[in-house]
Amino acid sequence: MKIIIVGCGKVGMNITEQLSAEEHDVVVIDENSEKVKAASNSFDVMGVVGNGASYNVQSEAGVESADILIAVTASDELNLLCCLIAKKAGNCRTIARVRNPVYSKEVNFIKEELGLSMIINPEYAAATEIARILRFPSAIKIDTFARGRVELLKFKVSGSLKICGCMLMDIKNRFKTDVLVCAVERDKEVIIPGGNFVIRENDIVSIITSHKGAAEFFRRIGLETHQVHKAMLVGGGKIAFYLAKQLTEMGIDVRIIELNRKRCEELCEELPKAVVINGDATNQELLVEEGLLSTEAFVTLTNYDEENILLALYAKSKTDAKLIAKVNRLTFDEVINNMDLGSIVYPKFITSNSILQYVRAMSNSIGSNVTTLYKILDNKAEALEFTVTESAPVIGVPLQKLNLKDHLLVCCINRNGKIITPNGQDMIKAGDTVIIVTTNRGLKDIKDILK
């Protein structure tokens, strides 16, 4: 497909990298010639220097023949204007990044009236992901499928857990829960395991199951399952606002520490149920005074990655609270993940994953579409949900007889709301949604799971 990306910031570059790797015809637009040059030199893409909201600039980029225009500049208004012009000039699909909380209340109206295909709000999406983790703090990360009925949970195995030393084929009988281990990270290696695989201490395990099944499984292997009751947030930006709103609605006691007094006053008005403290979170005495030692969750959301990481490390030395740190830079993710800080949230990954999911679904609108996509295990694997149509070649064949690609697992079948953890005798039917976990890249259709 021909795709135009307006904005060569961190998100724009990440999307450009992903889409060019999947062999789409990509053109990038940015007013900064150095950024355009960097994108053109790094990836197999064309570059146009100019204002993405200009009809002439979009024409030079080929908007008349484009399939999608994605606007991810730093300005919400510019993104919306880019999409509006592209819709009129080329009648292509349009995706806009819109971050302002004022627009979040009007997102459906904006999308409908401007004819947008998709609006993505990275801060709101990041807040939702953090809130999901705080409902289930034993997990490092939680992704959802089948409209929330199925969850993919990641957790670290300590020596005290009953699952340590257990063979995968014995898990169902031993713990009496319908859970499938779909991936394991061990010593920087990502493994899609078979039934003979044995779980060891320090493995990072990803399981797929229903929400109820996850709670039952965690309880039986010796992990806490209750949601937190107290949360301390450092930084009062957009993510903190969206997160505090969700947490207070869940009945969680929220404290926000913010350095800027004016912003504190705004948050007090917008979040009457939260306690907002005007202060410097790098002051250790202030943190202790405001309840660091008794909080159950400590979430660092400042604009500085280094500060978020250092504060999380300090909290780790003082408390057993669930730690979550927001990180904007994508380049040092491997180093940061090795620090064992609990959960790391990358808003920019969330944005690019959502856009990539839409592009994959659109690129094969005839067959069985990608309805959900997550880059998982530090971007080394993908978890995808496909909707199966009547023409799919996988229908009516027992899974054990399908010639599946290596390093690929059929993890779950959702049949009219009934969640099936499949075995070799189960068959896929038309109308099912099927969840696949694989280290193979770029699957666009359910038929791509076959060799």
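1. The side chains of Glu 270 and Arg 263 form a salt bridge at 3.9 Å, N to O; the term stands for a side-chain nitrogen of Lys or Arg within 4 Å of a carboxyl oxygen of Asp or Glu. Glu 270 has 40% relative accessibility and therefore counts as partly exposed (buried is under 20% relative accessible area, exposed over 50%, partly exposed in between, with a 1.4 Å probe and protein chains only).

2. This is a predicted model, in which local features need pLDDT of at least 70 and side-chain atom pairs count only at pLDDT 80 or more, while totals for chains, interfaces and linings use all residues. Residues are numbered from 1 along each chain as its sequence is written, and side-chain values use heavy atoms, leaving out hydrogens and water.

3. The count of salt bridges comes to 18. One of them joins Glu 382 and Lys 375 at 2.6 Å, N to O. Glu 382 is buried at 0% relative accessible area, and Lys 375 is buried at 9%.

4. Arg 97 is buried but has no salt bridge; Asp 76, the nearest side chain of opposite charge, is 6.1 Å away (Lys and Arg count as positive, Asp and Glu as negative; His and the chain ends are not counted). The Arg 97 side chain reaches the backbone oxygen of Val 72 at 3.2 Å.

5. Glu 129 and Lys 141 also meet in a salt bridge, at 3.7 Å, N to O. Glu 129 is buried at 7% relative accessibility, whereas Lys 141 is partly exposed at 23%.

Definitions and conventions
Polar contact = N/O pair within 3.5 Å; in protein donor to acceptor, adjacent residues only side chain to side chain.
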